Structures are given as structure tokens and as C-alpha cells.
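Reader: I'd like a close look at one part of this model, please, followed by how the rest of the chain is put together around it. Take your time, and give me the cut-offs as you go.

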Amino acid sequence: MATEVVNSYNIYVDSERNISQTSTGEDIMLALSQTPITCADNQFIRLTLLSFSMYKSFTNVNTNNNLFRINGDFGAGGAPAPTQSDYAVFLADGDYETRNALANEFATQLSGALAYASGVALAATPITLPESVATAGVNPPTAGTTDNIINFVINFSAAHQITNLTIQFKIEDGDIFELLGGDRIYPTDPATISSIFLDLAPDFGSGADNTKILVRCKYNCQLSTQQNVYVRTDINNTNIQTESFNSGNTDNRLATNLGSSRILAKLIIDTDFISYTTGTQMEYFVNLTTKQLTFLRLFLTDSHGRTIPANVRRQYPARTGASAYQPIVGAGDPNPTPVNQSTLGNRNFECVVKVDIIQYMGGQNNTLNAPPPAKTIPARFGTEPLNYLEYGESGYPDKNFSNLRIR
């Protein structure tokens, strides 16, 4: 059905200042109760994102993708041995410049956690290359041809006595399986399944060596797990999405369903900025199902509907198996809890939203143009008002007047 824009408004939004008490720099509430936008029965309201800009105020590795877990039996008797279940280990938040730097962080945190859990100290050169076991380093390398798959060897000062070891990238803990390149673990999977390959007594040419552990991920690693930031609204509309956009840290591998969507736009994450300008004014829009717009909420999420983590200094939990990963709250720390980056800090955005009132140009807007009724008698003999003109003539005198003959 054909449509036509009959009215338009631009809403300029800046979430940095002069926002309501219930708003933040990444979740702003706009009240239009004083100037509501309405449409008629044969019209609808469309919201279109014309432009958007914000600074990238978060790190690529953050609390949505930096947690993995250790399961195993630790025979040496160190705390929390002899058996550890779901021991949480964290990568440091940050924008890692290279995959080698990311692999180094993984190797450092994993080796330290295994040394603590087993009670066996690491060797003088704790991390070495599988292809040259005496050479310190991890793969992928800093340069050269590589498959970008993380692998390294952990060296202990004595037999580690670790058995039944698994490293798990649980879907409920976030996207670390994408970051490091391993299999995701579902809630129903047992603790005996490992996300990556582990050899607890590798043979590097001189027989099995139980002072070493070979660690090799299954797939290529990547420096981030989110490609886009999503602008969402809370107004009912006609858009449709797959359920994964609201899944959070869950995954249903038995169903692929479609549902209504609150996504207004997706915006590509660049190095320092997230920006967008429309080219056709039709890339990102929502057609509302309501006839009146009195309140508008715009908020930012990642691709799974999660809030974007704050970029603050964090500390690792004590090595007691605690799974919490909280901002530092020490005396004098510049980032006390609660984190206020989106209220007092630098998490905010600017955008322009266009509001169109669109009219359906269907049958309800057409008028039936019927031909006029046929004349039955000359107009001069009629009693009704003269209202029909033909070729500029009034109907008098009669067209046949010149043919009249007098007898």
C-alpha cells in the first residue's frame, strides 16, 4: 500500500547533561507529555535514526568475556585442593594490541591459578613454546605467518600431580569462548568436558613429562567479541529479530525463534569512536504500533541485550575460589562502588532521531469520481439550478436553434 510522509520532526538528543533523575548517559528517558506527537487512524508514526556519535568508553576485554573456570583434582594438597570445582579465573580488562598479548595474559592467569590450586610452584621459565620447549613465549607470535590459535606449555618446578583437569568457557559466564577460541559449555554439560585441549604429561621427545602441561585452544583467538553497539527503544513496533539479541549469557541450541524487536539501530565499533550517519534515511527505523508518542527511551546494549561494562580499574579476587569480580573499593581509590561512569563520568552519546507521520494512500483516502448524470431535457426547460457546463456553453440557446425552420 502506498504511503506518504505528511509531517516530520527531528529530535536532537544529548545524554551528557540536563537529563532526568532516572536517566543515565547510556539509558535516557525523554518525556514528550508537554508536546506529544500523534497521528490519525489512517496514519502511523515512524522513528528513524539519522545520526549517532559517542566515544568508545569501554574495553574490548571486559566482564562480559573475561571469565573461565578450572575443574580438576590436585593431589599435592594446596588450597583449595584436593578437588576444585568451577574455580573462577579472570583475564585483566583491556584493549589488547596483539593476539600475542592476549595469549600471554591467558597463559599468565591460567598458570598462576594452577600453581595455586596444586600447591606446586612454577619453574623459573613458567611459559614456553610447544615447538621449542626451552624458549619462553606463547603462540600466536607477535609477527609472521600464524593461524592465530593460542598454544603454550606451562612448566612446574616439580611433578604437578594434577589429574582430570578441564578448562571450561561457560556460556553463562559470557563470551570468552569467542575471545580465546574454544568450545562453549552449556549448563547441562558435565565438568569433565573441556573447552580446549590439555595434555597433562606431554612428550616432547624424551617421554611423558608430568612437570609440564600443554595447552592448546581449538580455534583462532580474537581481540574482541562484540562488533556493534545496539540502540534500543521500549516502544512497541513492527520490527522482528532472532532471540539471540535478548539472550544475555544464555543459549538455546534447540530452537531458532523470531520475535518482536526493540532494536532501533546497530552501530559499528571503531577504535576510538562509535559513529553513524544515514545515507538513505531508511537504514534503521521502527514503525510504531501506537498512535501517540508521549515517552521515548533510548538505551545502549551489546548484541545479546547486555549493558556495556564500565571501564574502571579492577582487582582480582583472592585466590579462594570466589567468583565475584568487583571494582576496587580500597581507601582513596578513584573508582569506588557503585561505578558512576554513565552518570558522573564519560559514558554518554549524541544522536538525531527523525519522527515521521506517515499516511496510508489506500482506498480510504480516495474519492469516487462518477460521471455526471445524463441530461434528459434542455437546461432552459429545467427547474433545477444550472450547474452543468459543456464546452463553455450553458445549454441555451439550443445547439439546433440554427436549424429551426419557420413554416
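**A loop, a helix and the core**

Author: Happy to! Pro140 sits in the loop that runs between β8 (132-136) and β9 (149-156); here helices (H or I, at least four residues) and strands (E, at least two) are DSSP runs, numbered from the N terminus. The model is predicted, so local features need pLDDT of at least 70 and side-chain atom pairs count only at pLDDT 80 or more, while totals for chains, interfaces and linings use all residues. Residues are numbered from 1 along each chain as its sequence is written, and side-chain values use heavy atoms, with hydrogens and water left out.

In the loop between β9 and β10 (162-170), Gln161 has a positive phi of about 60° although it is not a glycine. Gln281, in the loop between β18 (273-277) and β19 (285-287), likewise has a positive phi, near 65°. Gln161 is partly exposed at 47% relative accessible area, and Gln281 is partly exposed at 37%; on this scale buried means under 20%, exposed over 50%, and partly exposed in between (1.4 Å probe, protein chains only).

Now to the core. Phe152 is in contact (heavy atoms within 4.5 Å) with Phe106, Ala107, Leu110, Ile127, Thr128, Pro130, Gly137, Val138, Ile213, Leu214 and Val215, leaving aside neighbours within four places in sequence. Phe152 is also one of the residues that touch the most other members of the largest nonpolar core, which has 39 residues; Phe68, Ile70, Phe106, Leu110 and Leu114 are the others. Such a core is a set of buried Ala, Val, Leu, Ile, Met, Phe, Trp, Tyr and Cys residues joined through side-chain atoms within 4.5 Å. At least two of its residues come from each of β5 (67-74), β6, α1, β9, β10, α2 (176-180) and β13 (212-220). Helix α1 gives the largest share, eight residues. Apart from this core lies another, of 34 residues, including Val13, Ile28, Leu30 and Val355.

After α1 comes Gly119, with a positive phi near 80°.

Finally, the charges: there are twelve salt bridges in the whole structure, each a side-chain nitrogen of Lys or Arg within 4 Å of a carboxyl oxygen of Asp or Glu. One of them pairs Asp86 with Lys170 at 2.9 Å, N to O. That pair links strand β6 (residues 83-90) to strand β10, 84 residues apart. Asp86 is partly exposed at 26%, whereas Lys170 is buried at 12%. Arg306 and Asp302 meet at 2.7 Å, N to O, and both are buried, Arg306 at 9% and Asp302 at 4%. Salt bridges with shared partners join Asp175, Asp302 and Arg306 into one network.
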